[in-house]
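Dear colleague,

I am handing over the structure we spoke about, and below it you will find what came out of going through it. Please have it open beside this message as you read.

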Amino acid sequence: MKVLITGGAGFIGSHLAERHLAMGDEVYVIDDLSTGSVANIQHLKVHPEFLYHIDSVNNVHLMAELVDLCDVIYHMAAAVGVRLILDSPVRTIETNIRGTEIVLSLAEVKRKRVLIASSSEVYGKQEQVPFREDDDLVLGATSKARWSYACSKAIDEFLAIAYWKEKNVPTVIARLFNTVGPRQTGRYGMVIPNFVVQALTDADIRVFGDGTQSRCFTHVNDAVDALVAVAAHPDANGQVFNVGSDHEITILELATKIKEMTGSKSRIVLVPYSTAYEEGFEDMMRRVPDVSKLNRLTGYRARVSLEDSLNSIIEDQRARLRERGTLKAVTGN
Amino acid sequence: MRVLVTGGAGFLGSHLCDALLADGHSIVCADNLLTGNLENIGHLRNEPRFEFREQDVCSPFDCGKVDYVFHFASPASPVDYLEHAIETLQVGSLGTMNCLDVAKKYSARFFLASTSECYGDPLEHPQKETYWGHVNPIGPRSVYDESKRFAEALTMAYHRYHEVDTRIVRIFNTYGPRLQLNDGRVISNFMKQALLGEDLTVYGDGSQTRSFCYVSDEIAGILALANSEEHGPVNIGNPNEFTILECAKVVLDITGSSSRIRFEPLPQDDPRQRRPDISKAKALLGWEPRIQLRDGLQRSLEYFRSAVAKAVKA
């Protein structure tokens, strides 16, 4: 099989590429490196079945060729991360919607299978946990930039479902819940890599708000299991699936755990949201997926524990810091 | 020569690219991949004289200076042109005009791939080029037939009014490697069924006839016409007729399949036979087909085997 991964040099995309190569598939990647990184796919370049293009999904001619060549398309390319959304809302909205339009319209020609990566962000301020795929989306005002991400992803979902219903293009949507693991960068506001780097460098671990907000973290290997399973499943067409773990932890507990596991001397400090982001920034207290739909269809279950996830991330960040020479005496050397 | 081949990732277009490259020419292959397939030209990817462009010729385009334009872009199997009806009408009209404009701009020669469908449901057998055809302008097939008839009219108009040096070929049923498996016509259906071990479906009693031209013969005829000075349309096809039942038996024989033949009622719209009169091509070009059905199917067998294997895997 031939697989196209847009955003394949990103965190999740690169793990997905690795998996499909291991499955014996031919993998095509397109990534403009706006948030992805060549470092994520460096180790795959030697693989004869791995082909990549450093280019934008807005290059319609190139995308038309790649879509034509491949049997399945994973559309992972997106402007992601809270920081980026607040700093560059225009780019976020346009990248996320235009890219999906291009992918779907090209897939329509020969009815190629498309998986659209969406996000737990679309549930917005929904308070009733766990979130089910057919729950209402509760988004904030359009004057609050953060909701533009959720809203652009919601439009992507509408489009994907419409392409299935109206044009019979086999699409499936995966709502990813806080996926974590090696190669994830904290540059775009992701909490775990930030905490880990802060802990490893004995800097203050900065917890936003009062730290009682909670999240469920999924190891990227588990997320990839789920993506591969739904993308291949004929009964998944036109449907939305939560992809995540339902193991919940508060951000303060998370900070404490990371501090312990790294043996760090960092202090844990609370930072008001208004200082961290912008005045009136809205965050969700809890975000727990109901993964029973995914489980019923594919038998999926998250397998990697939070401890194992954190260990793999700490290892990864340690290696990166060592490379950059900024690791202090936390390892005892 | 630098040659533009539109529809160059299609069945005939890709074989034309191969033949032109073998003759030493450089090629710009334009295709929007609606029904074309990059796998048809995958083997040319590293050929320095071959350039692929994902290009919809229905929008005006400029591929730089070329010496010859071969306009082969169009959905061509009934399955495809019935699904992509509007696109089929667009590529025959707007697409042909844009390609003629490229030829006019660079004083290039222009070659139109037309079709036996121009004759519609003919009242004359076999069909000579002088026959005007019998087409229902509002029938479902008109999207293809009228598109190609308009393309011929436009080509002749550019020849008469703009002095573009043009050729028109009317292509009859052609088969061979790279023919789409879901082409919907008898050869691909039989080959697919035989290789999958399914029953071969014969409609009616199988006594209705068809004629098929092997792709290398078709391309040889096209190139002979391209190199001639003939501006009027020329039929290129194989006039040998086979009954559907004979065809099924040849397929079973060469595939060694243990499939059986299953008879089903004849559908109402089963087209009546078209058979080319190729005396013009013979006299003018000294061309005639050389590969007969059994031989041609034998040469296509390996392709069909791998295409069926791939379809099963996917």
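Helices and strands here are DSSP runs, a helix having at least four residues and a strand at least two, and they are numbered from the N terminus. With that in mind, Gly325(A), which comes just after helix H12 of chain A, takes a positive phi of about 75 degrees. Please keep in mind throughout that this is a predicted model, with an ipTM of 0.74 and a pTM of 0.84. For chain B the mean pLDDT is 95, and 98% of its residues reach 70 or more.

To stay with H12(A), this helix covers residues 306–324, and its 19 residues should span 27 Å at 1.5 Å a residue, which agrees with the 27 Å between its end C-alpha atoms. Its buried residues are Leu306(A), Ser309(A), Leu310(A), Ile313(A), Ile314(A) and Gln317(A). Because they cover an arc of only 130 degrees around the axis, they lie on the same side of H12(A). These buried residues pack against strands E7 (179–180), E10 (218–219) and E12 (248–250) and against helices H7 (191–200) and H9 (251–262), which belong to chain A. On the face turned away from that buried side, H12(A) carries the exposed residues Asp308(A), Glu315(A), Ala319(A) and Glu323(A).

The other part to look at is an open sheet of 7 strands in chain A, with parallel pairing and the order E3-E2-E1-E4-E5-E6-E11. Strands E3 (50–54) and E11 (239–243) stand at its edges, and since each has a single partner strand, one side of each is left without a neighbour in the sheet. On average, neighbouring strands of this sheet are turned by 20 degrees against each other, direction ignored. Helix H6 (residues 146–167) of chain A packs on the sheet, where it touches strands E5 (113–119), E6 (171–176) and E11, and its direction makes about 155 degrees with that of E5(A).

Strand E2 (residues 26–31) of chain A runs parallel to E3(A) and is joined to it by 5 bridges, with Tyr28(A) standing opposite Leu51(A) in E3(A). Tyr28(A) is also in contact with Leu4(A), a residue found in strand E1 (residues 2–6) of chain A. Leu4(A) counts as buried because it has 27 C-beta neighbours inside 10 Å, where 20 or more are required.

Conventions: Residues numbered from 1 in each chain as written. Chains lettered and ligands numbered in written order. Predicted model: local features only at pLDDT ≥ 70, side-chain atom pairs only at ≥ 80, totals over all residues. Pairing = 2+ DSSP bridges. Axes fitted to C-alpha atoms, helices over the stretch in contact; angles between N-to-C directions. Contact = placed C-beta atoms within 7 Å. Expected span 1.5 Å × (residues − 1). Buried ≥ 20, exposed ≤ 12 C-beta atoms within 10 Å, placed from the backbone. Arc of directions from axis to C-beta. pLDDT = per-residue confidence, 0-100. Lists of a residue's contacts leave out its neighbours within four places in sequence.
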